[in-house]
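Me: Hi! Could you walk me through this structure with me?

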Amino acid sequence: MESISFSIKNGVGKITLNRPDVLNSFTMPMAKELQSALDECANNKTVRAVLLTGAGRAFCAGQDLAAATAPGVDIKVIVEQQYNPIINKIRNIEKPVVCAVNGVAAGAGANIAIACDIVLAASSASFIQAFSKIGLIPDSGGTFFLPRLIGMQRATALMMLGDKVSAPQALEFGMIYKVLPDETLMSEAEKLAEHLAQMPTRGLGLTKKLLNESMHNNLAQQLEMEGEMQAMAAKTYDNAEGVKAFLEKRKPVFKGE
Ligand code: T3D
């Protein structure tokens with residue numbers, strides 16, 4: 001892999017976008033490498049949580065605008081082959097995906113970040129729906145997730161104006177989970193991902209599925225699905241271990257099964 005780095009340690013698949021000279025902006029090869037790493041995280045049983053971050057001073061500046069304007073490049077192909085699969089993979093992997101936003105997240109970079117399950121940001125990080133500034137529309141699921149996270153009014157303003165939102169402001173809006181000092185962001189994000197990797201992975205995966213479905217289900221459909229998935233969770237090793245450990249007054253040892 002040339003444009004990302006990928007490692008597996010303590011149950012965590014850590015993916016780092018790695019084109020710091022151009023603020024980790026996306027080319028087709030980088031998008032394909034990210035997709036492969038997400039597939040590996042989905043298929044490898046030793047991976048029980050994913051951590052996504054960026055190298056250098058930025059998280060990701062979205063599409064590499066030099067690559068996007070190269071002769072013969074079709075923007076529809078970029079969206080369909082680069083970004084849509086990334087968002088689908090992040091949402092469909094039945095394992096928690098933590099995003100550590102280490103600096104500016106612009107355009108598709110901002111929307112990939114907010115598609116993740118738990119978003120931590122460095123206090124110096126920022127989020128920019130940069131698309132309108134270059135005459136494009138927000139993609140990478142931004143028009144789906146942002147209004148659901150922060151409300152239609154704020155999402156519309158941010159998407160139309162392209163204003164920069166600081167990490168503390170993003171936290172206040174409900175766009176992200178926590179803001180951490182720049183110096184401790186990565187160690188805290190790794191600690192969180194490692195903690196999630198020790199938890200009942202099947203149950204967390206089913207929880208994620210339910211949350212995905214809640215975006216379009218009505219209450220009756222959601223209640224029915226909760227019943228079905230609770231029955232699935234109740235059949236896991238980790239449920240039996242969790243209850244046993246509680247009754248024996250000891251710490252559970254979950255296997256993710
Ligand atoms: O095909 C399609 O376009 C469809 C897909 C669309 C998805 C999208 O993501 S569209 C949105 C694309 N992204 C942007 O419009 C953001 C462009 N970047 C910026 O506005 C700024 O760079 C930032 C606000 C993110 C950061 O500003 P700043 O001042 O901290 O850094 P800088 O000086 O602008 O950038 C540093 C370097 O990175 C610079 O290169 P240089 O001068 O050192 O050689 C700059 O050109 C490069 N860079 C930053 N963003 C991109 C980029 N190079 C290529 N593409 C970028 N997106």
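Here is a chat about the ligand site and then the domains.

Me: What kind of model is this?
Reply: The model is predicted, so to speak of its limits: local features need pLDDT of at least 70, side-chain atom pairs count only at pLDDT 80 or more, and totals for chains, interfaces and linings use all residues. Residues are numbered from 1 along each chain as its sequence is written, and side-chain values use heavy atoms, with hydrogens and water left out.

Me: Which side chain has an N or O atom 2.9 Å from a ligand oxygen?
Reply: That is R57. A polar contact here is a pair of N or O atoms within 3.5 Å. Through the backbone, L65 has a polar atom 2.9 Å from a ligand nitrogen, and A108 has an N or O atom 2.9 Å from a ligand oxygen.

Me: Switching topic, what are the domains?
Reply: Domain 1 covers 4-197 and domain 2 covers 201-247; the bounds come from an automatic or database domain assignment. Their C-alpha centres lie 26 Å apart.

Me: How many residues are in contact across them?
Reply: 14 of domain 1 with eight of domain 2, where contact means heavy atoms within 4.5 Å.

Technical notes. A polar contact is a pair of N or O atoms within 3.5 Å; within protein, one must be able to donate a hydrogen and the other to accept it, and residues adjacent in sequence count only if both atoms are side-chain atoms.
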